[in-house]
Amino acid sequence: WVTSIGNATSLRMDFAAGKWEGSAIGIPYNIVSASKEPKQAFTFLYDDESDAGPYPISATSLIEEGSDHHLITLDKELCKLYEVAYAVNTATGWTGVSGAVWDLKTNALRPVGWTSADAAGLPMLPGLVRYDEVEAGVISHAIRFTVQSTNSYIWPGTHRTSGQAGILTNQTPMGARFRLKADYDISKFDPKMQVILKAMKTYGIINADNGSNWFVSGVPDPRWNDELLASLKTIKGIAFEAVDESCLMVSSDSGKADLSKCAAISKDRSLATTATPLPNVAGCDMFPADNVWNTPIDSLPVHANSAGWVANIGGGTSFHMDFASGQWEGKAIGIPYNAVNASKETKSIFSFLYSDESDAGPYPTGTSVKIEEGSDHHLITLDKEACKLYEVAYAVNTANGWTGVSGAVWDLKSNAMRPIGWTSADAAGLPILPGLVRYDEIEAGAINHALRFTVGQTNSYIWPGSHLTDGVPQKLNAFKPPFGARFRLKASYDISAFDPKLQVILKAMKTYGIINADNGGSWFVSGVPDSRWNDDMLSLLDRVKGSAFEAVDESCLMVSVDSAKADLSNCGVTPKERVVTPPTVAATPATPTCTYSLSMDAKSFAAKGGIDNVNVQAGSANASSCTWSAKSNTSWLPIYAQAEKNRVVFAISRNKSGTARSGTITIAGKTFTVTQSQ
């Protein structure tokens with residue numbers, strides 16, 4: 001990330017006493033008693049990601065004179081912070097790109113996916129360098145800075161301007177935090193500048209917006225010594241390092257940070273699972289003891305959407321063990337697996353349909369490998385030497401080589417998940433083998449892990465899922481369960497009438513629960529086909545109905561959104577859940593023949609930049625079913641595609657390159673050209 005921003009690029013204080021091209025340098029703010037201040041309604045371009053307001057503003061309010069025109073107002077009565085990007089007073093009223101209202105007495109973040117007045121979805125005022133702090137001799141907070149080319153976002157960021165959510169690359173994500181290296185010598189700088197540099201060592205700097213690389217934000221003030229500020233240009237990007245602050249996160253929807261979790265990072269945590277034998281296949285533990293699959297959930301609270309999810313799957317629908325000793329329509333019932341020494345096994349490269357979400361491999365594929373005989377053709381192979389798990393969906397050996405829909409390789413010694421948004425060999429992005437019921441476990445008298453099951457209709461996904469087949473990320477539906485949702489057999493359900501072997505399965509359902517991992521028959525529980533199963537006995541579990549289950553809220557277990565590590569010690573209190581609006585699900589229309597046109601073909605900007613949008617018109621008898629995508633060819637031309645509004649928004653920053661520039665956006669296969677003068 002440091003290299004992508006610029007190892008040799010100078011640090012730049014983007015605030016001063018002076019001016020640049022007649023404009024004050026920096027981001028000012030206003031302090032008011034909002035009860036006495038005029039308030040204005042704003043028309044926001046991103047109205048669906050903005051707080052409605054009204055916002056306190058008067059004729060004397062200070063607005064940033066740079067291209068972003070930030071308006072920041074602090075209500076000192078209620079300690080509320082009002083922030084607007086691109087605030088402009090027009091003939092018809094106040095407009096802006098986006099706006100956010102922050103209650104400074106809480107740790108609430110923006111909803112995941114939402115912007116604020118900053119591209120990362122963060123508040124601005126808490127990260128600005130103020131002269132009063134430097135004068136007092138200490139800055140006790142992280143500092144805001146900008147990066148030209150970014151990808152995705154990480155906590156505490158909630159919004160991205162490029163890339164895919166949850167998929168990190170060598171480009172810095174929004175929300176990433178850096179610190180000045182501890183061994184960097186700051187003694188040569190003026191004492192006032194050392195105040196800023198000490199804060200960069202202790203609290204760091206947070207990537208909050210797109211802009212010039214290593215530009216640090218502050219408040220313009222006539223008391224700044226611009227020459228002293230300019231002396232910090234001698235510091236280069238290589239003097240910084242990115243820190244992993246994921247351990248600080250208490251909840252993905254809160255800015256609360258818990259340092260005690262990070263202090264214990266190198267210590268063994270005492271979990272309820274550590275005294276229980278780990279699930280083990282062919283000498284390999286099925287992930288660490290603190291993995292979510294191996295964590296009991298019998299003490300967790302019931303999820304707020306439990307009743308709706310259970311009813312949708314089918315409260316009166318019978319449970320079905322989707323594994324047996326027999327066959328159905330001439331095919332073995334269940335998902336087999338292979339345990340091999342991969343160093344001695346033939347390996348093959350797969351051609352995957354979802355190649356951008358699959359691990360390249362190669363995958364062990366001996367001539368005798370067992371593949372699921374059902375429609376999904378899962379190929380599961382465990383390398384018992386390295387304890388790596390290879391899983392493929394729809395594995396087929398063709399004349400041209402092995403093909404599959406998707407594939408994933410899992411290191412069973414780690415808690416790493418699939419990148420957010422990625423599938424695996426399962427639709428939810430989860431591993432398959434750790435959730436299968438195996439006869440050997442029944443024979444041993446205990447199943448010490450959650451079980452995999454399928455659902456007919458799903459919507460979105462929640463941790464530990466990473467992928468969806470329907471719905472919108474982070475937008476839960478009160479009726480359709482998300483991938484990754486975990487259910488348990490109610491504690492009050494009497495299992496004493498069942499055979500002791502079946503009680504082993506039912507006890508696991510009470511203690512570890514079942515995880516929604518794929519689309520399929522509702523309440524179908526997955527297992528390994530085995531000639532030792534008593535199929536008549538398994539069929540007795542049809543007596544168990546969906547109404548005997550409840551969804552659990554396991555969000556408190558989550559240590560990090562990109563890790564399957566689960567921490568039961570975090571679940572001492574009932575976790576709070578974000579209020580989400582169920583998406584509207586329309587009936588699937590007939591596939592139309594779509595043609596597209598744009599409201600304009602090109603746009604020119606002056607050097608100071610600006611913002612605009614181009615509308616996309618679809619020509620079809622059923623135009624509402626037409627889908628399109630948009631992509632920019634350059635980092636200085638960030639875009640925001642709003643398919644639901646049939647438009648693409650583009651915001652152009654000030655051109656500081658010294659030369660005119662041109663970029664293109666490909667929208668629905670059409671080329672849109674943007675030029676900017678020097």
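View 1. Arg486 sits in strand β33, which spans residues 486–489; strands here are DSSP runs of E with at least two residues, helices are runs of H or I with at least four, and both are numbered from the N terminus. Keep in mind that this is a predicted model, where local features need pLDDT of at least 70, side-chain atom pairs count only at pLDDT 80 or more, and totals for chains, interfaces and linings use all residues. Residue numbers start from 1 along each chain as its sequence is written, and side-chain values use heavy atoms, with hydrogens and water left out. With a relative accessibility of 1%, Arg486 counts as buried (buried is under 20% relative accessible area, exposed is over 50%, partly exposed is in between, using a 1.4 Å probe and protein chains only). Leaving aside residues up to four places away in sequence, Arg486 touches a set of residues including Val292, Trp293, Tyr512, Glu550 and Glu554; a contact means heavy atoms within 4.5 Å. Glu345 is another matter: its C-alpha atom is 36 Å from that of Arg486, and the two residues are 141 apart along the chain.

**View 2. Arg110 with Asp51.** Here the side chains of Arg110 and Asp51 meet in a salt bridge, 2.6 Å from N to O. What ties together here? Arg110 comes from the loop between β12 (98–103) and α2 (131–136), and Asp51 from the loop between β6 (42–44) and β7 (55–56), so the pair links parts that are 59 residues apart in sequence. A salt bridge is counted when a side-chain nitrogen of Lys or Arg is within 4 Å of a carboxyl oxygen of Asp or Glu. Arg110 is buried, at 5% relative accessible area, while Asp51 is partly exposed, at 21%.

View 3. Arg144 and Asp209 pair through their side chains in a salt bridge of 3.2 Å, N to O. Arg144 belongs to strand β13 (residues 143–147) and Asp209 to strand β15 (residues 205–210), so this pair ties together parts 65 residues apart in sequence. Arg144 is buried, with a relative accessible area of 6%, and Asp209 also counts as buried, at 9%. Look for Asp118 as well: Asp118, Arg144 and Asp209 are linked in a network of salt bridges.

**View 4. Arg438 with Glu441.** The side chains of Arg438 and Glu441 form a salt bridge, with 3.2 Å from N to O. Arg438 counts as buried at 8% relative accessibility, and Glu441 is buried with a relative accessible area of 7%.

**View 5. Stepping back to the whole chain.** In all, the structure holds 21 salt bridges, and the protein has nine helices and 44 strands. Its C-alpha atoms fill a box of roughly 85 × 60 × 55 Å along the principal axes. Buried residues account for 50% of the 678 residues. Of the contacts in the protein with a separation of 6 or more, 68% are between residues 24 or more positions apart.
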